[in-house]
Amino acid sequence: MEEADQAERGARAELIKQMQASITKDAKKRVDEGVLEGPIFYTSCDPLGGGSVDDLTALTTTFECIGVNEKLKAGQVRGWAFSATMNWDEGSWTWSLGS
C-alpha cells in the first residue's frame with residue numbers, strides 16, 4: 001500500500017505543478033491585457049487553512065496562490081492573489097483571481 005500511496009503523492013505533486021503553470025500563463029495573459037501589473041515570474045500555491053495534499057482520502061483541496069511579480073529580500077515575494085481548487089479524482093482544477 002505504501003508504494004501506491006507514494007505514487008499518488010507523486011501524481012499530486014505533478015498536478016500542482018501543472019496547476020501553477022496554468023495560473024502563471026493566465027496571469028501573464030492578464031498582464032498583456034492590462035488587467036494586472038507584471039511581470040509575472042511564477043506562481044506558488046499552498047493548501048488553504050492547514051489543508052494537506054498528503055491526505056489521500058481528500059477528494060479536493062483548496063489552495064491560496066500567488067502570481068509573483070516582485071522578488072524582495074530574504075526570499076520573500078509579492079504578487080497577485082489567486083484561489084484554486086484541485087479535484088484529485090478528476091485530475092482537474094479551477095482558479096480565480098483574488099482570494
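Over the ring of which residue does the charged end of lysine 71 sit?

1. The ring is that of phenylalanine 41, and the charged end of lysine 71 is 4.6 Å from its centre. A charge counts as sitting over a ring if NZ of Lys or CZ of Arg is within 6 Å of the ring centre and within 35 degrees of the ring normal.

2. On the basis of this note: the model is predicted, with local features needing pLDDT of at least 70 and side-chain atom pairs counting only at pLDDT 80 or more, while totals for chains, interfaces and linings use all residues. Residues are numbered from 1 along each chain as its sequence is written, and side-chain values use heavy atoms, leaving out hydrogens and water.

3. Helices (H or I, at least four residues) and strands (E, at least two) are DSSP runs, numbered from the N terminus.

4. Methionine 19 touches Cys45, Phe63, Ala84, Met86 and Trp93, residues up to four places away in sequence not being counted. Contact here means heavy atoms within 4.5 Å.

5. One disulfide (a pair of cysteine sulfur atoms within 2.5 Å) joins cysteine 45 to cysteine 65, with S to S 2.1 Å. The link of cysteine 45 and cysteine 65 is right-handed, with 110° about the S-S bond. Because cysteine 45 lies in strand β1 (residues 42–47) and cysteine 65 in strand β2, the pair ties together parts that are 20 residues apart in sequence. Cysteine 45 is buried at 8% relative accessible area, and cysteine 65 is buried at 5%; buried means under 20%, exposed over 50% and partly exposed in between, with a 1.4 Å probe and protein chains only.

6. The structure holds 1 aromatic pair. The ring centres of phenylalanine 63 and tryptophan 88 are 6.5 Å apart and their planes stand at 70°, so the pair is edge-to-face. Rings of Phe, Tyr and Trp (its six-membered ring) pair if their centres lie within 6.5 Å; planes under 30 degrees apart count as stacked, over 60 as edge-to-face and the rest as tilted. Phenylalanine 63 is buried at 1% relative accessible area, and tryptophan 88 counts as buried at 7%.
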